[in-house]
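Please keep the sequence and the structure in view while reading.

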Amino acid sequence: MNHQGEALKAMGQRVRRWQIHLKVSFNLADLARWMNPIVRGWMQYYGRFYRTELHPLLKRINSYVMRWARAKYRRLHRFKKARAWWDAVCERYPRGFAHWAWTRGLMQAGW
């Protein structure tokens, strides 16, 4: 595996270790304040040359944020309501998370 692949793997492992879905005491702004500096750094450093390779990781972060929301708010248990919430948040706060500059869509697999 080349350096680029190892770096992406390490970033993915770090995101998993964050266990975002367990941070239910945080609100959305807290999550953004905590994650944005790290993700923005990845986007600036690795995104300069490997933007397309970074894209799946950023979409996976979106799915982890959605998982957090569904754990925090019982009313979002059903996917349809969760999707409506997600669309409203993306509309209301288009620059809420650093990686939303590149992707706001949800990862389709694993829902």
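Predicted model: local features only at pLDDT ≥ 70, side-chain atom pairs only at ≥ 80, totals over all residues.

Glu 53 and Leu 8 are 45 residues apart in sequence, yet their C-alpha atoms are 8.0 Å apart in space.

## H1 against H3

The axes of H1 and helix H3, the latter covering residues 47–72, come within 11 Å of one another and cross at roughly 10°. Angles under 35 degrees count as roughly parallel, so H1 is described as roughly parallel to H3. On the H1 side the contact is made by Gln 4, Leu 8, Met 11, Gly 12, Val 15 and Arg 16, while H3 contributes Tyr 50, Glu 53, Leu 54, Leu 57, Arg 60, Ile 61 and Tyr 64. Sorted by class, the residues of this contact of H1 with H3 are eight nonpolar, two polar and three charged.

## H1 against H2

How are H1 and H2 oriented relative to each other, roughly parallel or roughly antiparallel? The two helices pack at an angle of about 175°, with their axes 12 Å apart, and because angles over 145 degrees count as roughly antiparallel, that is the description that applies to H1 and H2. The contact brings together Met 11, Arg 14, Val 15 and Trp 18 of H1 with Trp 34, Met 35, Ile 38, Val 39 and Trp 42 of H2. Its residues divide into eight nonpolar, no polar and one charged. Met 11 and Val 15 are listed for H1 in the contact with H2 and also in the contact with H3.

Gln 19 lies in the loop between H1 and H2, and its phi is near 50°, a positive value in a residue other than glycine. Most residues other than glycine have a negative phi. At 38% relative accessibility, Gln 19 counts as partly exposed.

## Aromatic pairs

The structure holds nine aromatic pairs. One of them joins Trp 18 and Trp 42, whose rings are 5.9 Å apart centre to centre with 5° between the planes, and this pair is stacked. The pair links distant parts of the chain, with Trp 18 in helix H1 (residues 3–18) and Trp 42 in helix H2 (residues 28–45), 24 residues apart. Both Trp 18 and Trp 42 are buried.

Tyr 45 and Tyr 46 form another aromatic pair, edge-to-face in this case, at 4.8 Å centre to centre and with 85° between the planes. Tyr 45 has a relative accessible area of 57%, which is over 50% and therefore makes this residue exposed. Elsewhere, ring pairs link Trp 68, Tyr 73, Trp 85, Trp 86, Phe 97 and Trp 100 into a cluster. The ring of Tyr 73 also has the charged end of Arg 75 sitting over it, 4.9 Å from the ring centre.

Lys 72 lies in helix H3 and counts as partly exposed at 26% relative accessibility. Residues up to four places away in sequence not being counted, Lys 72 touches Val 24, Ser 25, Phe 26 and Asn 27. The C-alpha atoms of Lys 72 and Arg 33, which are 39 residues apart along the chain, are separated by 18 Å.

Trp 102 has its place in the segment after helix H4 (79–92), and at 22% relative accessibility Trp 102 counts as partly exposed. With residues up to four places away in sequence again not counted, Trp 102 touches Met 43, Gly 47, Arg 51, Leu 54, His 55 and Leu 58. The C-alpha atoms of Trp 102 and Leu 54 are separated by 10.0 Å, although the two residues are 48 residues apart along the chain. Leu 54 is also among the residues of H3 that make the contact with H1.

Methods: Residues numbered from 1 in each chain as written. Heavy atoms only, no water. Phe/Tyr/Trp six-rings, centres within 6.5 Å; stacked < 30°, edge-to-face > 60°. Helix = DSSP H or I, 4+ residues; strand = E, 2+ residues; numbered from the N terminus. Buried < 20%, exposed > 50% of the residue type's maximum accessible area, 1.4 Å probe, protein only. Lys NZ or Arg CZ within 6 Å of the ring centre and 35° of its normal. Axes fitted to C-alpha atoms, helices over the stretch in contact; angles between N-to-C directions. Parallel < 35°, antiparallel > 145°, perpendicular 65-115°, else oblique. Contact = heavy atoms within 4.5 Å. Nonpolar A, V, L, I, M, F, W, Y, C, P; charged D, E, K, R; others polar.
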